[in-house]
Amino acid sequence: MSDTDVSVQVATQAAEVSYQRRSPWASMLRRFRKNKRALVGFWMVVVFVGIAVFAQAIAPYDPIEQNMDVILQPPSADHLFGTDEYGRDILSRIIYGSQISLMIGIVGVLISVVIGVGLGTVSGYFGGRTDMFIMRIMDIFMAFPSFLLALAIVSVLGPGMVNVMIAIGIFSVPTFARISRSAVISVKNKEFIEAAKSMGASHARVIFKHVLPNSVAPIIVLSTMRIATAILTASGLSFLGMGAQPPTPEWGAMLSTGREYLRTAPHVSTIPGLAIMFMVLAFNMLGDGLRDALDPKMKL
Amino acid sequence: MLGYIAKRLLQMIPTLIGVSILCFIIIHSVPGDPANLIAGVDATAEEIQIVKERLGLDRPLYEQYGSYVMGLLQGDMGKSLRSDRPVAEELLTRFPSTIMLTMLSVVVMVLVGLFAGIMSAIRPNSMRDNATMMVSLFGISMPVFWSGIMLILVFSYYLQWLPSGGSTQLKHYILPAIALGLSSSAVLARLTRSSILEVIHQDFIRTARAKGVREKLIIYKHTLKNALIPIITIVGLEFGHLLGGAVLTETVFSMNGIGRYIIQSIQFRDYPAIQGSILFVAAIFVIVNLVVDLCYGAVDPRIRYD
């Protein structure tokens with residue numbers, strides 16, 4: 001093929017592309033829309049966020065106010081999900097609980113994204129000893145079963161919601177560091193990075209302007225999936241009494257107190273468990289869908 | 001092969017040192033002085049000082065770490081504040097129960113996960129495949145403490161088939177192992193499905209079909225064998241998940257294992273016990289990962305250790 005042929009071909013291709021006007025994001029959106037599971041996950045997340053934001057307007061009762069006349073009642077028209085051992089409306093507590101779970105999940109993952117992506121990017125970009133040092137430390141964190149690491153951190157910091165967020169934040173750091181490191185390594189020797197460097201761009205500019213935007217996709221997918229894990233872990237910590245303290249309507253804690261009444265009032269622990277499951281499911285489905293839409297070959 | 005094992009064992013040492021340093025730092029960054037806690041609320045400054053000296057808490061941190069590691073090498077993990085017995089002893093009495101639970105959970109995970117994954121992969125995108133994958137998504141999203149409680153509700157309270165707690169007989173382990181194993185089997189099922197689908201379109205499978213090998217044999221002998229590497233990897237990773245999940249499962253089923261011991265130690269602020277048990281579990285996890293790496297060679301002769 002002669003040079004002119006090639007240039008003609010390139011020109012036609014360019015014309016076709018501009019004719020279709022399909023950016024990578026648009027085709028991603030198209031793939032996402034075609035994925036039924038992803039859409040269901042997306043709308044479930046939207047519903048949960050809506051419930052959390054409008055909790056005050058939706059909840060039929062106060063989540064903390066006790067009413068000793070109606071303790072441990074099974075689901076009825078007055079109390080759709082029944083009442084707990086203090087006569088509190090479980091539906092209202094579930095509604096308010098969504099705020100807590102979402103917040104812990106999202107804030108916890110944000111902490112790990114900031115620290116993990118920071119470390120991973122530095123590690124991958126500079127390589128050499130820096131890389132060695134950071135990744136060996138990450139390996140040590142990885143040597144702990146993750147739930148145990150979160151538990152150890154909370155046991156030191158003391159129980160409470162903020163500490164759970166910190167623990168959750170730390171325990172996902174190595175995963176984000178690894179993902180962003182490999183994303184950075186895969187682009188750092190490409191021509192456009194070299195071009196930016198040869199034009200005199202600083203390390204910071206190259207990283208923020210050219211390297212990071214190219215590792216956004218796996219980080220978005222991982223974040224979504226990690227929110228699911230974070231919610232699950234946080235509820236586990238609360239279940240063990242290490243998370244949110246009473247009377248906070250946290251789902252894991254509600255489930256834990258419900259255990260005492262399992263024989264007489266099984267709904268008290270059954271319903272919070274279902275709530276946890278559906279919220280985690282929503283983020284897992286969304287994460288799955290995003291992965292398939294952004295890059296079907298991504299190994300996550 | 002022996003050389004490789006030796007090399008890997010040596011490589012474990014820095015990791016284990018790192019793990020022990022991290023454990024040590026975590027436990028020693030506790031706000032408040034453990035000596036106050038040990039001496040009691042109404043202890044005088046003098047009494048606290050005596051406790052500090054006895055435990056060596058007045059020495060610099062690196063010296064404390066040094067003597068802790070020297071102790072570890074001799075199998076000494078310090079004494080539990082709660083029972084005044086050696087932590088190592090406390091852990092060893094609880095170890096069989098936890099390892100039994102994790103092993104049985106691995107069995108549940110592999111049986112259910114492999115079966116579901118194969119069933120899904122045989123007819124991709126069929127009703128059966130979609131249903132299995134949906135169920136496994138539910139399984140991944142289910143909190144293990146909740147599924148444990150639901151199993152107690154159904155099989156202990158309503159049907160009265162199995163006990164709801166304890167850890168002395170085999171029947172005590174059935175429900176906990178199912179609860180714990182099922183959550184991981186969902187992960188395994190998804191991975192098995194995708195690994196099989198990756199292999200099944202390759203030429204050697206087509207050749208096998210062309211020469212008339214039965215479909216069952218193709219799946220179990222040709223495909224599964226080649227899809228085993230990622231499957232073994234996930235079994236190793238999930239082992240860590242199971243060890244962590246054992247904390248929750250043992251609490252739900254009142255089992256006398258290391259997981260519940262950690263929780264009890266945390267509640268009592270028994271720091272030598274927390275430190276020892278977390279280190280112990282992390283060490284098990286590191287060893288399991290080594291075993292997994294060695295399994296690769298057994299499964300795939302293309303992998304050589306040299």
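UniProt, in an unreviewed entry, lists residues 95-296 of chain B as "domain: ABC transmembrane type-1"; UniProt positions are given in the numbering used here, feature names are shortened, and annotations may be inferred rather than shown by experiment. The model is predicted: local features need pLDDT of at least 70, side-chain atom pairs count only at pLDDT 80 or more, and totals for chains, interfaces and linings use all residues. Residues are numbered from 1 along each chain as its sequence is written, while chains are lettered from A and ligands numbered from 1 in the order in which they are written.

**Annotated domains**
- Residues 95-296 of chain B are 85% helix and 0% strand, where helices (H or I, at least four residues) and strands (E, at least two) are DSSP runs numbered from the N terminus.
- The end C-alpha atoms of that span in chain B are 27 Å apart.
- For chain A, the unreviewed UniProt entry gives the name "domain: ABC transmembrane type-1" to residues 98-287.
- Residues 98-287 of chain A are 81% helix and 0% strand, with 19 Å between the end C-alpha atoms.

**Chain B overall**
- Chain B has 12 helices and zero strands, and its pattern along the sequence reads α-α-α-α-α-α-α-α-α-α-α-α.
- Along the principal axes, the C-alpha atoms of chain B fill a box of roughly 85 × 55 × 30 Å.
- Of its 306 residues, 38% count as buried; a residue is buried if 20 or more other C-beta atoms, placed from the backbone, lie within 10 Å of its own, exposed if 12 or fewer, and partly exposed in between.
- Contacts (C-beta atoms, placed from the backbone, within 7 Å) between residues at least 6 apart in the sequence of chain B join residues at least 24 apart in 72% of cases.

**Contact between chains A and B**
- Chain B contributes 37 residues to the contact and chain A contributes 32 residues.
- On the side of chain B that touches chain A, two or more residues come from each of H1 (2-28), H6 (127-141), H7 (144-158), H10 (215-252), H11 (258-268) and H12 (271-299) of chain B.
- H10(B) gives the most to this side, with eight residues.
- This side of chain B has 28 nonpolar, nine polar and no charged residues; Ala, Val, Leu, Ile, Met, Phe, Trp, Tyr, Cys and Pro count as nonpolar, Asp, Glu, Lys and Arg as charged, and the others, Gly among them, as polar.

**Helix H13 of chain A**
- Seven of the eight residues of H13 (251-258) in chain A are buried.
- They are Trp251(A), Gly252(A), Ala253(A), Met254(A), Leu255(A), Ser256(A) and Gly258(A).
- The buried residues of H13(A) pack against H5 (90-126), H12 (216-239) and H14 (267-294) of chain A, together with H7 of chain B.

Conventions: Contact = placed C-beta atoms within 7 Å.
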